[in-house]
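Work through the exercises below with the sequence and the 3D structure at hand. Each task is followed by a worked solution.

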Amino acid sequence: MKYKKFDEGNYNLYTLVTDRFKTIDLRINIRIQNERDNDKYIPMLWRMLVSTSSKYDSLKEINEAAVDIYDPYYGIRFIGSGKQDVLSLSATFVSEKYTEKGMNEKNIKFLADFIFNPKIINDGFDEEMFEIKKEKLIDYYLSTKDYPREYAESRFREEMTFFDYKEHSLDEIIELTRSLTSKELYDFYKKVINEGKLDIFISGNIDPLEIKKICERNITFLGNYHEDPEHVFNQKSYNKKPIIVIENSSNVQSNLIIGCKTINMTDYERKYVSLLYSWILGGGMNSLLNQTVREKNSLCYYIYTNRNNLLGIFKIYAGIDGKDFDKVYDLIEEEINNMKKGNFSDDLLESVKNTYYNSLISIEDHQDDIINSFISEIYTGADDVETRRKMMGKVTKEDIMEFAKKIHIDTVFLLKGDRS
Amino acid sequence: MKKLSYEKLDLDIYTETLKNGLRVFLCKIPRNEIHARMTAMFGGSTLEFKLKGEKGFTKVPAGIAHFLEHKMFEKEDYDPLQIYERNGASANAFTSEFITSYHFTGVNNFFENLNNLLRCVHEPYFTYENVEKEKGIIAQEKKEDLDSVYYIVHDKALMNTFKNLDYKNTVLGSLEDIASITKEDLYNTYNTFYHPSNMILTISGNIDIDGTMKFIKDYYSRHDFGKAKEIEIKEKDEPTKVVKEKEIIYKENQTKEIYINYKVKKNNKLDDRYLSRIYMNIYLAMKFSGLSELSDITTKDKNFLSGINARMEEVGNFYILSFNVTVKDDTDMAVKLIDDTLKDMNFDEHRFDLIKKANLNSLILSTENVGEICSMIVNQMRLYNGLVTNMYFKLFNLDFDAFKNFIKDIDLNNRCVVILEPKKGDN
């Protein structure tokens, strides 16, 4: 695979050429610094961008236009990535080799318009659609309780502090959304464009120079060039005595989330050791948590770890019976301690390393992975694939034990079900 | 070994039926990874069966196929998942109403992984203790569904749609079903459905076709599964009418969830089952996809908190057209809108052409992924007992008038509606 970077003045275009696919992947990312109040705008902004158009009057017309150019798959989201919020459009469309000449350009233009050419009326987003979307978003927030895993996550985020500030509670978010106007949202959009760092990535069986010309013809980006926003957030403290919050619900199952913080994580640990730690503790079916909580004690169907290495946060998720909470918590604590003591087999360490090596080889098999891998190098300073392989090979059991000592349980949230 | 080519899709399949009846499908595409999938043609909707020559039918609890899927990973002296993980491969299994599949994806040690897959499905090891242990795990899997508003209405709609067919049971079974399963049930079921002649092996990705086929044949030359016996599934007459036309469930909830099943007797106008399914799916897409008027209605109407999800499944002699939507207040309006939309037999030819184009695009995309290729082959074998290698042109040549003719007489008068309402006061 060959990649090329084009400096387009106020943004960078990256082309990644591979002849393994019948499709082309496009990613348009605009990165801004994470701030507490971004939550007020972000959920509304991507909803407006993806469902309105300056060119088409209705969603049906947008969809018809999409099918007319052979139905690209696309989505727009904001992704929280460390200290950044990334407005991201990702799309896959069939290469014009399999459709019609000129379709690559038509697809890129159609997709880029969602981000760069939104429907703006009187210095605000389309008022009618804005009010509909706003009401539906508020209803969505109000119905979070109907979805136990989502609700537990949302409540957990209220209880655990991830940044220098406390995140908005669900009630606060609802009030902020209620007070939002279409003009304020448009101001936020302009801020994203003006202050954000834009990068465009295109992979597939493409001619880089032709793609460059297509982008120059079809993308009008009015923002300025900016340096990369800060990305990594280092946790400075944790609750010495973990906060344990138990909320009763009318559910059958109880949803447990345990949040841990990592203090003084080195760059090497962030890139390599933390991943192996996470997989050994709660990655695959042979991880310590799966073997102990699920297989030996039959206490759950799912239990797994989730790692956010840019924030130094680990989370453990499990679906259990409420009456088993103490037992499950003790078992999890025991396995976290086992990580510190190195009570895991060399075979398990080798297995997770092999899984990692395989994932590196598989990157070339998936266009979104190709782009994601490349993005991680640019955004977070990840090493190139070959270096990653070498460095991961050097991680020892002692490295993992040392890292395990830096991990502390900070917040525990249990959405307790009591319906039999 | 026979080579079959999917026209216009750059996709070649090498296939052979082994002496023991196992059907093997191999597909090489330019990827580093390999996906292998062993599928038993047995799923959650079969609960009464026997082998030809046996006296009575065996009846097993609902959820047996799924329980069996869990237990196939348990062995007396080794752990199949450990072997996959040691090789850096990811592995899993799933059970649907019709099939149970075991699969892995990996880039290294392919033959060791493949050997592991074959052993995994051919070496049962059920004990009283390991069956009891699994009940707690599967009960937790089920409990998640019991808290899901979608599954609550979906599962109730199944029971209210079918009187006799075992399809009315969920794939996981109820908590009581799960608790009642024994190792004898598992062995009975395994011995009936897991003979190679009732299985399909599909592999796609970076494979050496000849070497892989040789490996598979060598494996089976060392393992004798006895003569294949014909499986008899107990036939059950299913009335055309649904069991219950409307039911309201009350639960502590903020929104209202609707699930509707239309039970449509097949019209048998076409011998081509592939085409029949395509027509039914296009019918739903014409009326309910993002290309329909409905997409703007549900986007703009504040009563709709989700789009209307529509899908079709063939069950026995019926097409089941299913609809699911979340609303804020007015359930009657949503149910009526779905009913009116479905019964409106006016179709727009331009939209028909657009949907055709979208289907062709999906077809190309489905050949990009090693797992999806295996899924496609298994589905075609299950539904058509053969590969539809000319499916691109079948789609390309779809005719609007033939479509309208196929759809025009379908009977949409048998339906069941299930609504989940927020609990208030004493209900």
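Two residues are in contact if their C-beta atoms, placed from the backbone, lie within 7 Å. The model used here is predicted.

**Exercise 1.** Find what share of the contacts in chain A with a separation of 6 or more joins residues 24 or more positions apart.

Solution. Take the contacts in chain A with a separation of 6 or more; residues 24 or more positions apart account for 80% of them.

**Exercise 2.** Describe the overall build of chain A, and decide how its radius of gyration compares with the globule rule for 420 residues.

Solution. Begin with the secondary structure: chain A has 15 helices and 13 strands. Next, the radius of gyration is 23 Å, close to the 22 Å from the globule rule for 420 residues, so chain A is as compact as a globular protein of that length. Along the principal axes, the C-alpha atoms fill a box of roughly 60 × 50 × 35 Å. Finally, 44% of the 420 residues in chain A are buried.

**Exercise 3.** Determine how helix α10 (residues 288-296) and helix α11 (residues 325-341) of chain A are arranged.

Solution. Two packed helices are described by the angle between their axes and the distance between the axes. The axes of α10(A) and α11(A) come within 10 Å and cross at roughly 155°. Angles over 145 degrees count as roughly antiparallel, and α10(A) and α11(A) are therefore roughly antiparallel to each other. Their crossing is right-handed.

**Exercise 4.** List the residues through which α10(A) and α11(A) meet, and sort them by class.

Solution. From α10(A) come A:L288, A:L289, A:T292 and A:V293. They meet A:V328, A:L331, A:I332, A:E335 and A:N338 in α11(A). By class, this contact has six nonpolar, two polar and one charged residues.

Conventions:
Residues are numbered from 1 along each chain as its sequence is written. Chains are lettered from A and ligands numbered from 1 in the order in which they are written. This is a predicted model: local features need pLDDT of at least 70, side-chain atom pairs count only at pLDDT 80 or more; totals for chains, interfaces and linings use all residues. Helices (H or I, at least four residues) and strands (E, at least two) are DSSP runs, numbered from the N terminus. The radius of gyration is taken over C-alpha atoms; the globule rule is 2.2 Å times the number of residues to the power 0.38. A residue is buried if 20 or more other C-beta atoms lie within 10 Å of its own, exposed if 12 or fewer, and partly exposed in between; C-beta atoms are placed from the backbone. Axes are lines fitted to C-alpha atoms, for helices over the stretch in contact, and angles run from 0 to 180 degrees between N-to-C directions. Angles under 35 degrees count as roughly parallel, over 145 as roughly antiparallel, 65 to 115 as roughly perpendicular and the rest as oblique. A crossing is left-handed if the near helix is turned anticlockwise from the far one by less than a right angle, and right-handed if clockwise. Ala, Val, Leu, Ile, Met, Phe, Trp, Tyr, Cys and Pro count as nonpolar, Asp, Glu, Lys and Arg as charged, and the others, Gly among them, as polar.
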